[in-house]
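Biologist: I would like to go through this model and ask what stands behind each label. Please set the values against the criteria as we go.

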Amino acid sequence: MGKTQHTGPIKLPKRLDPKLWVSKAPFGLGQVKPHHIKESLKIAWENKDQLPYAYRILTQGVCDGCALGVSGLYDRTLAGPHVCTTRLNVLRLNTMPEIKPEVLHQDIAELRTMDSAALRKLGRIPYPLIRRPGENRFSRLPWDEALEMIATKIRAIDPKQLAFYLTGRGITNESYYAAGKVARLLGTNHIDNASRICHSPSKTALKRSVGIGASSCNYKDWIGTDVLVFWGSVAANNQPVSTKYMYAAKRKGTRIIVINPYHEPSMDQYWIPSIPESALFGTKLTDDFYQVHIGGDIAFMNGVMRHWFEMEEASPGSAVDHAFIQAHTNGYEQLKAHVREQDWELLERSSGLSRERMLEFARLLATSKSAVFVWSMGLTQHRFGTDNISQVANLALLRGFLGREFCGLMPIRGHSGVQGSGEMGADPFSLPGGEFSADGIARMERVWGFELPKWQGDIVGVSLENSMLPDDHERKLKLFYTSGGNFLETMPDPDFVRECLENVDIRVHQDIVLNTSTLAEAREAVIVMPAMTRYEQPGGGTSTSTERMVYYSPEIKGPRVSEARAEWAIYAELAAKVNPEYERLVAFRNAEDIRREIAAAATYYDGIQHLSERGDVFQWGGAWLCEDGVCPTADGRGNLIPIEQPELRKPEGHFRVTTRRGKQFNSMIYSATDPFNGADRYDVLINPQDAEALQLKAGDAIVVYNQYGLLHGRAKPVPIQQGNIEVHWPEGNSLIPKGVYEAHAGIPEYNTAAVVEKAETFHALKDTKYVEKRVLELETEMG
């Protein structure tokens with residue numbers, strides 16, 4: 001933990017800087033870009049029935065969108081108000097009325113004609129519901145009966161046949177903590193959260209490399225650092241308020257670099273609505289794009305480090321910080337030997353970049369006194385995601401970019417609650433404030449006063465797959481309790497996921513709205529229970545931002561859903577139903593009780609118990625983790641880890657495929673068109689030269705297919721690295737193999753290889769075995 005404290009927000013410069021303008025044409029006339037004013041007016045109209053309540057949420061509550069941590073309209077980075085369309089789009093989830101009974105209880109076949117966006121617009125879930133096999137509509141269920149039915153099933157099954165999952169949707173630390181405690185009290189370690197499919201490799205890699213599980217620095221460190229690198233992160237789209245920080249960084253002379261297969265237009269230039277200069281003329285954000293192949297980041301970083309070691313031979317001290325390395329790291333000679341063995345031809349072929357381009361980046365970092373590395377799904381959602389992040393840590397350690405101002409490692413979060421999920425213990429590998437280990441278990445048994453199960457719990461993907469096990473298997477999933485989440489739209493191979501969901505005896509959906517997963521069948525019953533939003537929870541709640549700020553969000557006066565309950569309270573009630581003796585162990589009278597317990601269970605969260613008023617906040621760990629280079633590892637040193645080159649087998653004639661986000665908040669889609677590039681949801685982003693080679697023009701119907709599935713779409717030539725294509729998530733999930741998980745952190749693989757063909761060719765030649773023959777032929781050609 002660091003000793004330096006965060007110094008609070010800074011002011012933006014008042015003087016204009018025309019060098020950063022995109023165009024002198026006001027408001028980006030003629031440009032493909034978001035229309036923030038128009039969209040804000042549309043959102044205001046959607047909330048017209050609850051405008052005063054919506055205003056109070058925006059001005060008093062902590063943002064339930066991304067994890068930048070805006071409290072009311074203010075944050076700890078920049079002075080002045082902040083608001084973005086991501087937060088505004090999510091706003092209606094909090095203000096909309098209950099679903100009308102005639103809609104809620106209509107034939108399930110009618111509800112199934114709607115996608116999740118349409119289901120969301122129906123309104124809030126008003127009261128508990130149940131649907132049994134053969135029933136064609138939901139029935140109302142009293143709370144006591146719902147909880148008793150779930151409790152009866154829990155008592156009847158092996159605890160290893162019970163699994164919990166919590167999304168990142170506005171869920172508070174208090175709810176994560178209560179869920180984690182109740183799961184262990186009920187005897188199961190199968191509890192997981194939304195970070196499993198986003199940043200689980202970040203935590204795993206940072207732990208082994210530098211001993212931490214969160215961002216080592218702050219957003220303020222962006223502003224004034226020499227180099228700010230975004231690695232597989234489209235922060236302008238996923239965390240829009242961050243563009244203000246980028247603007248401030250540019251005004252301080254920071255160079256911004258993006259490493260991504262696609263030259264993302266939103267990272268190139270942006271019209272920031274809350275900065276008048278930028279709203280009028282736009283802001284050029286990025287100084288350079290390095291367009292790596294999908295999965296080519298390890299090769300690129302090995303190339304950068306090889307250049308550094310060659311520079312060191314010619315001029316010692318010209319590329320790496322020897323003083324920092326000697327005082328604060330292990331493994332330098334082993335890493336050096338490993339990197340020096342790398343073959344340049346393989347590094348170029350795998351990364352997609354020439355050694356000259358790698359040298360440019362190597363020299364930029366070598367001549368910089370400071371740098372902040374920011375990354376997201378482009379690095380983590382691989383079967384080698386943990387290695388990707390440890391490789392980034394290698395770069396930071398070799399240059400000493402850790403534990404001081406303007407330096408650091410930052411896995412930028414996309415969900416407002418998800419940073420706290422593992423820290424609260426809603427994770428199979430974690431307990432509150434520590435790891436799921438012998439010492440951690442003993443510590444929590446002392447705090448909680450009951451014995452914890454000692455066996456290792458499963459990640460959520462494996463838990464779902466376990467529903468397909470024989471009925472007498474001890475890990476056959478029989479009761480799946482999910483707080484939010486839609487696995488049909490977040491996991492690879494949706495058809496298989498549906499089979500898994502429908503093979504569970506009882507599936508519980510604790511949520512605020514319906515989605516497509518809610519409508520799937522179950523063997524005995526689907527139970528739906530209405531939850532409160534964070535703004536409705538009595539006693540308020542807390543959430544932890546990317547930069548480890550723990551914010552208090554108060555209960556906000558407004559309309560209430562008739563039977564919705566606080567999520568943490570539902571978990572406690574369920575435990576008491578399972579066994580009345582458990583009631584004393586989870587007797588949370590209010591949210592304040594939980595915060596006091598969190599402070600005792602996760603000692604670095606000491607301070608959370610004092611958060612009770614609007615605007616209250618503290619940062620755990622201080623301004624910088626690993627301050628002065630001292631890491632919370634066994635010996636206080638960071639570990640330089642030689643990373644093996646992953647096998648990136650791309651059969652001849654195939655394209656590398658990855659998924660991307662459009663106008664959406666995680667799996668919640670808010671527009672069929674991406675405002676930054678005009679792409680529709682089924683547009684396939686392809687390099688113009690690749691398109692020409694396939695005789696494709698913009699808008700041509702195509703089929704993307706492999707041995708796992710296919711996607712019908714349209715070609716959209718864009719500046720993406722040759723040999724790579726991007727498809728939207730979740731529409732492209734049919735191409736992603738099921739059951740492929742990263743070995744260390746368990747994140748599903750969201751990348752693959754596929755064939756692209758004109759639709760007319762595909763359908764003209766296709767017989768029942770066409771896809772299988774074509775895939776086999778190409779793989780055979782590959783040898």
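Biologist: What covers the buried residues of helix H3 (residues 85–95)?

Modeller: This is a predicted model. The cover of H3 includes helices H1 (36–46), H2 (51–60), H6 (116–121) and H10 (235–238), together with strands S23 (664–665) and S24 (668–669).

Biologist: What makes H3 "mostly covered"?

Modeller: Eleven of its eleven residues are buried, and buried means under 20% relative accessible area. Among them are Arg87, Asn89, Arg92 and Asn94, as well as Leu88, Val90, Leu91 and Leu93.

Biologist: Why is strand S3 (residues 162–166) described as largely enclosed?

Modeller: Five of the five residues of S3 are buried, so the rest of the structure largely encloses this strand. Both faces are covered, with Leu162, Phe164 and Leu166 on one side and Ala163 and Tyr165 on the other.

Biologist: How do you know that S3 pairs with strand S15 (residues 479–483) and with strand S4 (residues 191–193)?

Modeller: Pairing needs at least two bridges. S3 has five bridges to S15, running parallel, and three to S4, also parallel. Therefore both count as pairs under that criterion. Tyrosine 165 is bridged to threonine 482 in S15 and to aspartate 192 in S4.

Biologist: Which strands make up the closed barrel?

Modeller: Six strands with mixed pairing form it, in the order S22-S28-S25-S27-S26-S29. Ignoring direction, neighbouring strands of this sheet are turned by 45° against each other on average.

Biologist: What joins strand S22 (residues 655–660) to strand S29 (residues 751–758)?

Modeller: Four bridges do, and the two strands run antiparallel. With at least two bridges required, S22 and S29 therefore count as paired. Threonine 658 stands opposite asparagine 751 in S29.

Biologist: Why is helix H14 called largely enclosed?

Modeller: Of its 18 residues, 15 are buried, so the rest of the structure largely encloses H14. The helix covers residues 297–314 and reaches 26 Å from its first C-alpha to its last, close to the 26 Å expected at 1.5 Å a residue.

Biologist: Why is the pair of tyrosine 290 and phenylalanine 300 called tilted?

Modeller: The centres lie 5.7 Å apart and the planes are at 35°. Pairing requires centres within 6.5 Å, and a plane angle under 30 degrees would be stacked and one over 60 edge-to-face, so this pair is tilted. Tyrosine 290 sits in strand S9 (residues 288–290) and phenylalanine 300 in H14, ten residues apart.

Biologist: How do you know that tyrosine 290 and phenylalanine 300 are buried?

Modeller: The relative accessible area is 2% for tyrosine 290 and 0% for phenylalanine 300. Buried means under 20%, so both qualify. Both residues also belong to one aromatic cluster with Trp231, Phe361, Phe373 and Phe401.

Biologist: Which residues touch the most other members of the largest nonpolar core?

Modeller: Trp231, Trp308 and Phe361 do, in a core of 122 residues. Leaving aside neighbours within four places in sequence, phenylalanine 361 is in contact with Val229, Trp231, Ile257, Ile259, Tyr290, Phe300 and Val304. A second, separate core has 33 residues, including Val234, Val241, Leu285 and Met410.

Notes: Residues are numbered from 1 along each chain as its sequence is written. This is a predicted model: local features need pLDDT of at least 70, side-chain atom pairs count only at pLDDT 80 or more; totals for chains, interfaces and linings use all residues. Side-chain values use heavy atoms; hydrogens and water are left out. Axes are lines fitted to C-alpha atoms, for helices over the stretch in contact, and angles run from 0 to 180 degrees between N-to-C directions. A nonpolar core is a set of buried Ala, Val, Leu, Ile, Met, Phe, Trp, Tyr and Cys residues joined through side-chain atoms within 4.5 Å. Buried means under 20% relative accessible area, exposed over 50%, partly exposed in between (1.4 Å probe, protein chains only). Contact means heavy atoms within 4.5 Å. The expected span of a helix is 1.5 Å times one less than its number of residues. Rings of Phe, Tyr and Trp (its six-membered ring) pair if their centres lie within 6.5 Å; planes under 30 degrees apart count as stacked, over 60 as edge-to-face and the rest as tilted.
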